[in-house]
Amino acid sequence: MGCCSSTPVPDEEWVEGHLYLGRTDDGGLHVGVKSIDTDADVSRTSAYLCAHCEKVESFNAKFSASR
């Protein structure tokens with residue numbers, strides 16, 4: 001399955017800095033957001049989720065408008 005985003009899938013360094021990744025017992029993937037500061041970060045997160053959509057079992061993000 002191809003990626004549904006026009007943004008390239010982010011590299012491992014970006015993923016480690018912005019997303020929490022966890023594995024389920026059956027090999028699935030839990031994804032959580034550490035930090036999204038820009039529209040580009042939102043696009044990269046979307047690209048990551050699209051590229052791994054067959055494995056992602058849950059996604060968690062919280063919005064804060066504290067800026």
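Author: Two strands pair if DSSP finds at least two bridges between them. Strands are DSSP runs of E with at least two residues, and helices are runs of H or I with at least four, numbered from the N terminus. This is a predicted model: local features need pLDDT of at least 70, side-chain atom pairs count only at pLDDT 80 or more, and totals for chains, interfaces and linings use all residues. Residues are numbered from 1 along each chain as its sequence is written, and side-chain values use heavy atoms, without hydrogens and water.

Reader: What makes strand 1 and strand 2 a pair?

Author: Strand 1 (residues 19-23) and strand 2 (residues 29-33) are joined by 5 bridges. At least two are required, so they pair. They run antiparallel. Leu-19 stands opposite Val-33. The hairpin has 5 residues between the strands, and Gly-27 there takes a positive phi near 90°.

Reader: Why is the crossover called right-handed?

Author: The chain goes from strand 2 through helix 2 (residues 39-51) to strand 3. With the strands pointing away from the viewer, a clockwise path over the helix is right-handed, and this β-α-β crossover is therefore given that name.

Reader: What pattern does the protein chain follow?

Author: Along the sequence, α-β-β-α-β. That comes to 2 helices and 3 strands.

Reader: How many of the residues count as buried?

Author: Buried means under 20% relative accessible area (1.4 Å probe, protein chains only). Of the 67 residues in the protein chain, 24% are buried.

How values were computed. Buried < 20%, exposed > 50% of the residue type's maximum accessible area, 1.4 Å probe, protein only.
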